[in-house]
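Okay, everyone, thanks for coming. Let me put the structure up on the screen, and then we'll walk through a few spots together.

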Amino acid sequence: MRWTQTLIPTLKETPADAEIRSHQLLVRAGLVRKVTAGLYTLLPLGLRVVRKVEAIIREEMNRAGALEVLMPALQPTEIWQKSGRYESMRDVFFKARDRAKKEWILGPTHEEVITMLVAGEINSYRQLPKNFYQIQIKFRDEIRPRFGLMRAKEFIMKDAYSFDASDEAAQVSYQKMYDAYVQIFQRCGLKAMPVEADTGVMGGKFSHEFMVPAETGESEVAYCETGHYAANVEKAISQLPQVSNPKSNTPNLPEKFPTPGVVTIEALTKAPHNVLAEQQIKTLVYCVDSKPILILLRGDHQLNDAKLTAAVGTGNFRPASEEEIVAALGAHPGSLGAVGITTLPVYADEMLRGGEGMTTGANEDGFHWRYVAIDRDISVTKWADLRLVKAGEPCSVCGQSLQIRRAIEVGHVFRLGTKYSEALGALFLDEAGKQQPAIMGCYGIGVTRTMQAVIEQCQDKDGIIWPMSVAPFTVCLTPLNITVGHPVMILAEKLYQDLTAHSVDVILDDRDERPGVKFKDSELIGFPVRIGIGEKSLARGEVEIKVRGGSMILAKAEETVSKVLELLKR
């Protein structure tokens, strides 16, 4: 490809609406252009990168035995109603109506569609296992599209769906996809960390996310540096010991005491009360499906919304308003507790189990209870892990301190079980002739997000540093004199032909620009190898080979191709 025959609109200035470095470089390097918030056009270089990522994904998916299909982006609402997700995912749907006023959904994902396909085509255990995948555009109504391709309303995704006849076979399928993902991200040049994850609205038994560590990431990962444990903070647990007073210090009954003006955990830790935060019970009032519940945590802990979703079985909850709290408990926030409460469900965090000598609000403004014993004084409806882990807490596997850092999610694998196959009729006859629901898994990779994640991880002050596997062009030929018939241009044309003959992706910068402009653009875009051909160096029979982010190599003109091929094999 010749530079003047394509479109690479590089920018010197940083776009005002680009918040993070990778988003800035996407635009400045001429890879994408914004249409409106959450919508981008992939320009020629950006599309070349995406196609290379897709090629890697296809190779690894095919190697793992998956079958490529292409499902419609437009989906009927009926199948979402059958699966039970029409309501739970309504906030992300883009909907349309046809001329008959029938409602349709632009697909945010394809579990329902693929399960309907299998329900109609597979009816025997002999036809299993099967794994189908596609690479296609998805549509999600992001409430706050941001960070370029990281959180967009329309994006390219690879989604795969496995169907098995037994739990053991389903685990084999899951592991194949897990292993394929490890290979995919390694080949894309990404350092991606697999972590345990929450299943969210997808449902299912368990899942893993593939996270790229980055300070600009929207997720947080808790991990042990020994490598024994890693999980999204939505899922993470620790070995934090419970804190409770000895039984001998707890009277037979709790004691009410005045706490005028004390409405926070911190205020209760100060004189004259001096109650440690870990000896306090934090009481939260939430409305779940419009009905109030109480949530109990240790005073020094924070609620994890994802864990609460798992505990109550729905994501349809919110903090209660002050008016709702007073109506339910007769007191204002800061004086709330669950002692003696039997009319509301009480969800308590596991770290409170067996706690004694605790202090909590008395449901009377300006008063608290002390000497509270959880098992004696509070009727707990359900015990659950509800807390958010914190850095420094001991790893649940080895006891070493957990670290927490931000990361970008680029892939997610789910063990779904039979949620969708039962709802949508993906049934098969087993060896005994009995009808069974297929056991499913689903596996997603954000293709356009992966491209931006590579930029976020592979860059310096001058621009992008593309891994060779996904670079838009591997080699940039940069003649500093483009006059037809000049020795510099003659050599450039010859090298272009020779490298192309060796199946090297080459772009010839044939623009009539100053050397500084050409070099800066090459660094900004991030071509892995640049071959500079100038009159002075050529007079010595040499060219300059510059590895992006590395050193300059002087090579004999006649050895240029062999030197470049050697570099590309590394």
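**A quick tour**

Let's start where two helices touch: Arg21, Ser22, His23, Leu25 and Leu26 in H1 meet Met451, Gln452, Ile455 and Glu456 in H12. Sorted by class, that contact has four nonpolar, three polar and two charged residues. And before I go on, please keep in mind that this is a predicted model.

So how do those helices sit? In general, a packed pair of helices is described by the angle between the axes and the distance between them. Here, the axes of H1, residues 21-28, and H12, residues 447-457, come within 8 Å and cross at roughly 110°. H1 and H12 are therefore roughly perpendicular to each other.

Okay, zooming out. The protein chain has 16 helices and 31 strands, and its C-alpha trace spans about 100 × 65 × 50 Å along the principal axes. Of its 570 residues, 51% are buried. If you take the contacts with a separation of 6 or more, 70% of them are between residues 24 or more positions apart.

Now the inside. In soluble globular proteins, nonpolar side chains tend to be buried together. The largest nonpolar core here has 57 residues, and the ones touching the most other members are Leu31, Ile57, Tyr181, Ile184, Phe185, Trp466 and Val470. Helix H2, residues 44-63, gives the largest share of this core, with seven residues. Take Ile184: leaving aside residues up to four places away in sequence, Ile184 touches Ile56, Ile57, Glu60 and Ile445.

Next up, helix H8, residues 305-312. Which residues of H8 are buried? They're Ala306, Lys307, Leu308, Ala311 and Val312. Strands E14, E15, E16, E17 and E20 are among what covers them. At the start of H8, a side-chain oxygen of Asn304 reaches to within 3.0 Å of the backbone nitrogen of Ala306. Just after the helix, Gly313 takes a positive phi of about 80°.

Last stop, Thr259, in the loop between strand E13 and helix H7. Is Thr259 buried or exposed? Its relative accessibility is 0%, so Thr259 counts as buried. Its side chain makes a polar contact with the side chain of His368, at 2.7 Å. Not counting residues up to four places away in sequence, Thr259 touches Leu268, His273, Gly366, Phe367 and His368.

Note on methods: Residues are numbered from 1 along each chain as its sequence is written. Side-chain values use heavy atoms; hydrogens and water are left out. Axes are lines fitted to C-alpha atoms, for helices over the stretch in contact, and angles run from 0 to 180 degrees between N-to-C directions. Helices (H or I, at least four residues) and strands (E, at least two) are DSSP runs, numbered from the N terminus. Angles under 35 degrees count as roughly parallel, over 145 as roughly antiparallel, 65 to 115 as roughly perpendicular and the rest as oblique. Contact means heavy atoms within 4.5 Å. Ala, Val, Leu, Ile, Met, Phe, Trp, Tyr, Cys and Pro count as nonpolar, Asp, Glu, Lys and Arg as charged, and the others, Gly among them, as polar. Buried means under 20% relative accessible area, exposed over 50%, partly exposed in between (1.4 Å probe, protein chains only). A polar contact is a pair of N or O atoms within 3.5 Å; within protein, one must be able to donate a hydrogen and the other to accept it, and residues adjacent in sequence count only if both atoms are side-chain atoms. A nonpolar core is a set of buried Ala, Val, Leu, Ile, Met, Phe, Trp, Tyr and Cys residues joined through side-chain atoms within 4.5 Å.
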